[in-house]
Amino acid sequence: MFNVTNKAQDFYLNMFKIFSRKSSRSNDNGIKSYCQSEYGKDWYWAYNSYKVDGKFPNPLRRSV
């Protein structure tokens with residue numbers, strides 16, 4: 001399974017900020033897109049974890 005390191009996570013988040021500086025809504029769409037591509041069916045879980053905790057979850061440590 002794909003595991004995102006902190007360095008890669010920061011890189012992608014900064015890339016989203018560069019391309020979507022128009023509004024926070026477009027930044028939010030970039031984060032949703034990232035979650036959908038990296039977490040698959042669990043994208044909403046990852047997106048919600050990011051919004052609540054301010055960081056992406058580790059899929060290996062997911063508690064059900």
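Just after H3, Gly54 takes a positive phi of about 80 degrees. Residues are numbered from 1 along each chain as its sequence is written, and side-chain values use heavy atoms, with hydrogens and water left out.

Helices (H or I, at least four residues) and strands (E, at least two) are DSSP runs, numbered from the N terminus. As for confidence, the chain has a mean pLDDT (the predictor's confidence in each residue, from 0 to 100) of 76, and 67% of its residues reach 70 or more. Confidence is lowest in helix H1 (residues 6-19), at a mean of 69, and highest in H3, at 90. Where pLDDT is low, the predicted coordinates should not be read in detail.

Of the 64 residues in the protein chain, 27% are buried; buried means under 20% relative accessible area, exposed over 50%, and partly exposed in between (1.4 Å probe, protein chains only). The chain exposes about 5,100 Å², and carbon and sulfur atoms supply 50% of that. These areas come from the Shrake-Rupley method with a 1.4 Å probe; for residues, only the protein chains shown count as cover.

The largest nonpolar core has 9 residues, namely Leu13, Ile31, Tyr34, Cys35, Tyr39, Ala46, Tyr47, Tyr50 and Phe56. Such a core is a set of buried Ala, Val, Leu, Ile, Met, Phe, Trp, Tyr and Cys residues joined through side-chain atoms within 4.5 Å. H2 and H3 each supply at least two residues of this core, and the largest share, 4 residues, comes from H2.

Aromatic rings feature here too, with 7 aromatic pairs found across the whole structure. Rings of Phe, Tyr and Trp (its six-membered ring) pair if their centres lie within 6.5 Å; planes under 30 degrees apart count as stacked, over 60 as edge-to-face and the rest as tilted. Tyr34 and Phe56 make a tilted pair, because their ring centres are 4.9 Å apart and their planes stand at 55 degrees. This pair links distant parts of the chain, 22 residues apart: Tyr34 is in helix H2 (residues 24-39), and Phe56 is in the segment after helix H3 (43-53). Phe56 is buried at 8% relative accessible area. With Tyr50, Phe56 makes a stacked pair, since the centres lie 4.7 Å apart and the planes are at 20 degrees. Tyr34 is buried at 4% relative accessibility, and Tyr50 is buried at 17%. One aromatic cluster is formed by Tyr34, Tyr39, Trp45, Tyr50 and Phe56.

H3 has a buried side, with Ala46, Tyr47, Ser49 and Tyr50 buried. They cover an arc of only 160 degrees around the axis, so they fall on the same side of H3; the arc is that of the directions from the helix axis to the C-beta atoms. The face of H3 turned away from that side carries the exposed residues Tyr44 and Val52.

Over in helix H2 is Asp28, which is buried, with a relative accessible area of 15%. Not counting residues up to four places away in sequence, Asp28 touches Tyr47 and Lys51.

How values were computed: Contact = heavy atoms within 4.5 Å.
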